[in-house]
Amino acid sequence: MKREIFDLLDHYQEDSILLTDTTPLSPTRIEELTMKRFKQNYRTRRTRHLTRGLLVAAIIASLCCLTAFAVVLTLRDAARADMGISKEAPIEEWTEYATPPQTGTQSAPQATLVATMCSGNQLYAYIAASPVSQEAGVVLADNSPEYEWGPRGGFEGCSALNLEQASYDPDTQTSLVKVSMTLEDPELEQVEVSMNLNHNFKPIAAYGPVTVPVTESQTLTCPADITVVNTTRQMKEAWGLRPDQPEFSEYIQEGTIYQISICAGYIELEMRTPTLEEWTAASGAEILLELEQRSDIPLPPQLEGYLVRDTYSGSWWVSVEEALADARLNYRDGTSELIAQIPNPYAGTWGPGKSPYPGSSRDGIHVFRFTPAQAFDLSQVESITIGSVTYPFLHTEGLSQSLTT
């Protein structure tokens, strides 16, 4: 026989409870108290849920901040490593910026400034660009032309633009792009940088603009008196493998390096030589110069698309490379480096620089520049030795904004 558990209590009576008494509370009051207790319990549970939700949101926000902060630190470290900057003793020309880059979760391209270095008339900017696919990031790291960074439009007041990937963070799909610029305007205070990510020479994403401040920099200089010899051999080497080489005359000319400068980003020489007309007269290239300057006579095949002054400056370039083959940079701690063995991103050691003098490519004023792959710490530089002569640099206190070339 099936029985309910409550049936067992049918004959049980509790004498201590007076069921005949009436409660002082009315049914309405009992309902009010019950609903009040229910609401209190509900608010307590809701408060606990809300607190827990806020705590979870705070943890998520903290993780996002930590992620962004970690990205900033990673990109800053990568920028320092690329430029050879010491974290413990950074050079004065180096500036880092606090704006955190996006973490790669956004869909629209973003670009933020990570660090800059201004060096004379050279400005370097490290920019975080995201999102950049892992496929593109890997290819960019290998310098393959399939993907490449390029300027979007011209940077007002700048020339000689170069963009390259310095690092890539696959977790956040962020590229660190190094932008190198030559400043044309000595009064320029900032540069607006916009970039394209190109795939097979076609832009697929645009980043920026990013405002890059032009900060102060220091230039150390010293006078010099270094003789540089130029002969027919250097001229023929500058002419190179072009066909139908003219019959140049045998000649010997001399030039003089009269000033040496060093910035965080380059060493620069200023040299005075015979003028273009004097050089062509001595070398026998004057007939080529005359043909080049006349519009009524077609140029011979060996001169098409070519200027005689290219051989003129090129021959002195060869002479400078030879004359400074043993040049050494000396430091305050007693060590020195052979400049030709300092890593640089270009072929050869010395390259032509931009002369500050109008018409100097013809008037015998030449500028040659050595650009290292990483920055010089000017506080440690003492002198430069060329041949058997050492030329000390004059140190000045603090930084001065300089666009000396």
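Glu-189 is located in the loop that connects β6 (174–183) with β7 (190–199); helices (H or I, at least four residues) and strands (E, at least two) are DSSP runs, numbered from the N terminus. The model is a predicted one, in which local features need pLDDT of at least 70 and side-chain atom pairs count only at pLDDT 80 or more, while totals for chains, interfaces and linings use all residues. Residues are numbered from 1 along each chain as its sequence is written, and side-chain values use heavy atoms, with hydrogens and water left out.

The relative accessible area of Glu-189 is 65%, and the residue is therefore exposed (buried means under 20% relative accessible area, exposed over 50%, and partly exposed in between, with a 1.4 Å probe and protein chains only). Together with Glu-156, Asp-185 and Glu-187, Glu-189 forms a surface patch of negative charge. Patches consist of residues with over 30% relative accessible area and no salt bridge, like charges being joined within 9 Å and nonpolar side chains (Val, Leu, Ile, Met, Phe, Trp, Tyr) within 5 Å. A salt bridge is a side-chain nitrogen of Lys or Arg within 4 Å of a carboxyl oxygen of Asp or Glu. Accessible areas come from the Shrake-Rupley method with a 1.4 Å probe.

Two residues other than glycine with positive phi values were also examined. Asn-143, in the loop between α2 and β4 (147–151), has a phi near 55°. With a relative accessible area of 61%, Asn-143 is exposed. For Gln-173, phi is likewise near 55°, and this residue is placed in the loop between β5 (158–169) and β6. Gln-173 is partly exposed, its relative accessible area being 27%.

The bond from Ser-130 to Pro-131 is cis, with omega near -5°, and Pro-131 belongs to the loop between β3 (122–130) and α2 (134–141). Gly-208 and Pro-209 are likewise joined by a cis peptide bond, for which omega is about 10°. Pro-209 is part of a strand, β8 (residues 202–213).

Ile-365 lies in strand β15, which comprises residues 365–370. A relative accessible area of 15% classifies Ile-365 as buried. The C-alpha atoms of Ile-365 and Thr-275 are 8.1 Å apart in space, although the two residues are separated by 90 residues in sequence.

Terms used. Lys and Arg count as positive and Asp and Glu as negative; His and the chain ends are not counted. The place of a charge is taken as NZ of Lys, CZ of Arg, CG of Asp or CD of Glu.
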